[in-house]
Amino acid sequence: MKKDKKRKAALAVRAKTESFAFQIKWEAKKFFTELTPEVEMRLMFEASVFLKMGITDSLLRLRDTISDIRTILKIDLANADTPLSTSLIAYVFGIVPENPLLCDKVFEEKQLTFPNVLVYKHDDETRAKIVDHLKTKGYRMTTYIGQPLLVLPSFRLDFRRKANEDRQL
């Protein structure tokens, strides 16, 4: 009986690992004409870190949430301020706008603290659209210092008001 439970648990971990690796490669093919050994090594290293930290499900949910906002509301979330900006996986998942390989950003596990907060800055009207949309989708919204905050496992999306200097640019 114990062997069967252990075997099932091992198979579940293996299936999750293989599924995550497949999704990473699928998304990466949209950004790279070919996956060079350097890119593949970086993706698999980051995947191993995310798997070890147990945040793969949260990362996939974050990808789906951001994709949903972009496609349904047609709102670009390109101005994210996040420690994930060094992650190639976050780039291919559409979570961060810049390719960390082109910016020479090095991914380090110690940069990730949890809950990881992603900050997006928008005007009041855009923030209201995003918050209303997320509430209709059943997401748990809260506020932090008067700013809307989406709470996901391991991640928090903070939708802040653009500062006056940001609005003028």
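**The sheet and its helices**

Modeller: The model is predicted. Its four strands form an open sheet in the order S1-S4-S3-S2, with mixed pairing. The edge strands are S1 and strand S2 (141-144), since each pairs on one side only. From one strand to the next, the twist averages 30 degrees.

Biologist: What makes S1 and strand S4 (residues 155-161) a pair, and in which sense do they run?

Modeller: Two strands pair if at least two bridges are found between them. S1 and S4 are joined by seven bridges, in the parallel sense, and therefore meet the criterion. Within this pairing, valine 117 has arginine 156 in S4 as its bridge partner. Helix H3 (residues 56-73) packs on the sheet, where it touches S1, strand S3 (147-152) and S4. The direction of H3 makes about 30 degrees with that of S4. Helix H5 (residues 124-136) also packs on the sheet, touching S1, S2, S3 and S4, and its direction makes about 145 degrees with that of S4.

Biologist: What makes the buried residues of H5 line one face of the helix?

Modeller: The buried residues of H5 are Thr126, Arg127, Ile130, Val131, His133 and Leu134. Seen down the axis of H5, these residues fall within an arc of 165 degrees, so they line one face. They pack against H3, S1, S2, S3 and S4. The face turned away from the buried side carries the exposed residues Glu125, Lys135 and Thr136. At the start of H5, a side-chain oxygen of aspartate 123 comes to within 3.1 Å of the backbone nitrogen of glutamate 125. Just after H5, glycine 138 has a positive phi of about 90 degrees.

Biologist: Why is valine 119 called buried?

Modeller: Buried means under 20% relative accessible area. Valine 119, at 7% relative accessibility, therefore counts as buried. This residue lies in strand S1 (residues 116-122).

Biologist: Why is S3 described as mostly covered?

Modeller: Six of the six residues of S3 are buried. Gln147, Leu149 and Val151 point one way from the strand, while Pro148, Leu150 and Leu152 point the other way. In a regular strand the side chains alternate between the two faces of the sheet.

Biologist: How do you know that S3 pairs with both S2 and S4?

Modeller: The criterion is at least two bridges. S2 and S3 have four, in the antiparallel sense, and four bridges also join S3 to S4, which run antiparallel. Tyrosine 144 stands opposite glutamine 147 in S3, and leucine 152 has phenylalanine 155 in S4 as its bridge partner. S2 and S3 form a hairpin with two residues between them, and isoleucine 145 in the turn has a positive phi of about 50 degrees.

Biologist: What makes one face of helix H2 (residues 37-53) its buried face?

Modeller: In H2, Val39, Arg42, Leu43, Glu46, Ala47, Val49 and Phe50 are buried. Seen down the axis of H2, they fall within an arc of 160 degrees, so they line one face of the helix. The face turned away from them carries the exposed residues Pro37, Met41 and Lys52.

Terms used:
Residues are numbered from 1 along each chain as its sequence is written. This is a predicted model: local features need pLDDT of at least 70, side-chain atom pairs count only at pLDDT 80 or more; totals for chains, interfaces and linings use all residues. Side-chain values use heavy atoms; hydrogens and water are left out. Buried means under 20% relative accessible area, exposed over 50%, partly exposed in between (1.4 Å probe, protein chains only). Axes are lines fitted to C-alpha atoms, for helices over the stretch in contact, and angles run from 0 to 180 degrees between N-to-C directions. Contact means heavy atoms within 4.5 Å. The arc is that of the directions from the helix axis to the C-beta atoms. A polar contact is a pair of N or O atoms within 3.5 Å; within protein, one must be able to donate a hydrogen and the other to accept it, and residues adjacent in sequence count only if both atoms are side-chain atoms.
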